[in-house]
Amino acid sequence: MSRLNKLMGKPITIELEGELFEIHPLKMKQLPLLMEASSKNEAKQAEALQKIMKFTLLKAVPDATDEELEEISVKYFQILSDAIMKANGLDNVPKQKG
């Protein structure tokens, strides 16, 4: 391994409903998806956020089915979003207005 190994993100652990989940940071290959999540186009933004959420949950629970991922309650959206932001070092970035 090279010195770049130090630049690889480390997962964080969160608890939801008594279960522990490791939330892994996104990689460079997900950068286009992350940029799309910042889109002014709400439909594109929602689709990108959904993909990021599914990707993250599948990484945390590799044996999860597509049906299970589709059925996750929206009530966990904020908690998961905050954890994803934190895992990616974006939790202290000011939110854009407008």
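Predicted model: local features only at pLDDT ≥ 70, side-chain atom pairs only at ≥ 80, totals over all residues.
I then located E17: its place is in the loop between β1 and β2. Next I checked the backbone. Phi of E17 is near 50°, which is a positive value in a residue other than glycine. I noted that most residues other than glycine have a negative phi.

I looked at the strands on either side. β1 covers residues 12-16 and β2 covers residues 19-23. They pair in the antiparallel sense, and I count five bridges. The hairpin has two residues between the strands, and E17 takes its positive phi there. Which residue of β2 stands opposite I14? I found F21.

I moved to the segment before β1, where G9 lies.

**Nonpolar patch**

Which residues form the nonpolar patch on the surface? I listed M28, L31 and M35. Together they have about 360 Å² of accessible area. L31 is found in helix α1, residues 31-36. Its relative accessible area is 39%, so L31 is partly exposed; that class lies between the 20% and 50% cut-offs.

**Negative patch**

I then turned to charge. D63, E67, E68 and E71 gather on the surface in a patch of negative charge. I followed E68 from this group. E68 is found in helix α3, which runs over residues 66-70. Is E68 buried, partly exposed or exposed? I have E68 as partly exposed, because its relative accessibility is 46%.

**Whole chain**

Last, I stepped back to the protein chain. I counted four helices and two strands in its secondary structure. From the N terminus on, I read the order as β-β-α-α-α-α. The chain has 98 residues, and 22% of them count as buried. For the dimensions, I took the C-alpha trace along its principal axes. It spans about 40 × 35 × 25 Å.

Notes
Residues numbered from 1 in each chain as written. Heavy atoms only, no water. Patch = residues over 30% accessible without salt bridge, like charges linked within 9 Å, V, L, I, M, F, W, Y side chains within 5 Å. Areas by Shrake-Rupley, 256 points an atom, 1.4 Å probe, with all protein chains shown as cover. Salt bridge = Lys/Arg side-chain N within 4 Å of Asp/Glu carboxyl O. Lys, Arg positive; Asp, Glu negative; His and termini not counted. Charge placed at Lys NZ, Arg CZ, Asp CG, Glu CD. Buried < 20%, exposed > 50% of the residue type's maximum accessible area, 1.4 Å probe, protein only. Pairing = 2+ DSSP bridges.
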